[in-house]
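Hi there,

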Amino acid sequence: MTPRGMRLFNPFNLRKTQIFWKGEVEGTDPDYETFKDFESGLRAGFRVLLTYFNKHHLNSVVEIISRFAPPPENNTAGYTQFVARRLAVDVQDHLIPDGKTLLNLAKAIITFEQGQQPFTDKELNMALTNAVS
């Protein structure tokens with residue numbers, strides 16, 4: 001485990017893709033991305049969420065989590081319920097991708113993926129700012 005318990009500085013537990021992320025480093029895990037620090041991992045996670053909203057037009061918890069953690073390898077229904085409860089919304093509610101929603105969505109995903117959410121709002125907001133730029 002790395003500092004703060006974040007496996008490979010990948011708090012969103014992002015799967016490997018063909019995308020070369022800013023701050024990505026070569027790792028030993030064949031399935032999951034490895035980042036040089038938690039800031040880079042957070043930034044990548046926010047980039048994924050922003051892409052879901054802006055490019056793929058996914059606007060509800062069920063749409064976002066179904067893409068982020070699809071079955072059969074995940075308990076997508078349980079994941080969706082967990083995130084919706086954390087956001088205090090229905091799984092089908094239309095989400096507006098403002099800073100507060102993205103911050104809370106990230107907190108819920110990180111908690112579900114890692115079993116904890118150790119980042120401050122300042123750290124998360126900085127990563128979100130970096131993801132937008």
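Let me start at Val 132, which sits in helix α5. Please keep in mind that this is a predicted model. With a relative accessibility of 59%, Val 132 passes the 50% cut-off and so counts as exposed. What lies 85 residues from Val 132 in sequence but 7.4 Å from it in space? That is Arg 47, with the distance taken from C-alpha to C-alpha.

Leaving out residues up to four places away in sequence, Thr 80 touches Val 61, Val 62, Ile 65 and Val 91.

Now for the chain as a whole. There are five helices and zero strands, which gives the pattern α-α-α-α-α along the sequence. The radius of gyration is 14 Å, close to the 14 Å that the globule rule gives for 133 residues, so the chain is as compact as a globular protein of that length. Its C-alpha trace spans about 40 × 30 × 25 Å along the principal axes. Of the contacts between residues at least 6 apart in sequence, 56% join residues at least 24 apart.

On to the inside. Buried residues account for 44% of the 133 in the chain. In soluble globular proteins, nonpolar side chains tend to be buried together. Here, the largest nonpolar core holds 38 residues, and those with the most contacts inside it are Phe 12, Phe 46, Ile 64, Phe 68, Val 83 and Ile 109. The elements giving two or more residues to this core are α1 (38-54), α2 (61-68), α3 (76-87), α4 (99-114) and α5 (121-132). Which of them gives the most? It is α1, with nine residues.

Phe 12 is worth a look on your screen. Setting aside neighbours within four places in sequence, Phe 12 contacts Gly 41, Leu 42, Gly 45, Phe 46, Leu 49, Phe 68, Ala 106, Ile 109, Ile 110 and Glu 113.

Conventions: Residues are numbered from 1 along each chain as its sequence is written. This is a predicted model: local features need pLDDT of at least 70, side-chain atom pairs count only at pLDDT 80 or more; totals for chains, interfaces and linings use all residues. Side-chain values use heavy atoms; hydrogens and water are left out. A nonpolar core is a set of buried Ala, Val, Leu, Ile, Met, Phe, Trp, Tyr and Cys residues joined through side-chain atoms within 4.5 Å. Buried means under 20% relative accessible area, exposed over 50%, partly exposed in between (1.4 Å probe, protein chains only). Helices (H or I, at least four residues) and strands (E, at least two) are DSSP runs, numbered from the N terminus. Contact means heavy atoms within 4.5 Å. The radius of gyration is taken over C-alpha atoms; the globule rule is 2.2 Å times the number of residues to the power 0.38.
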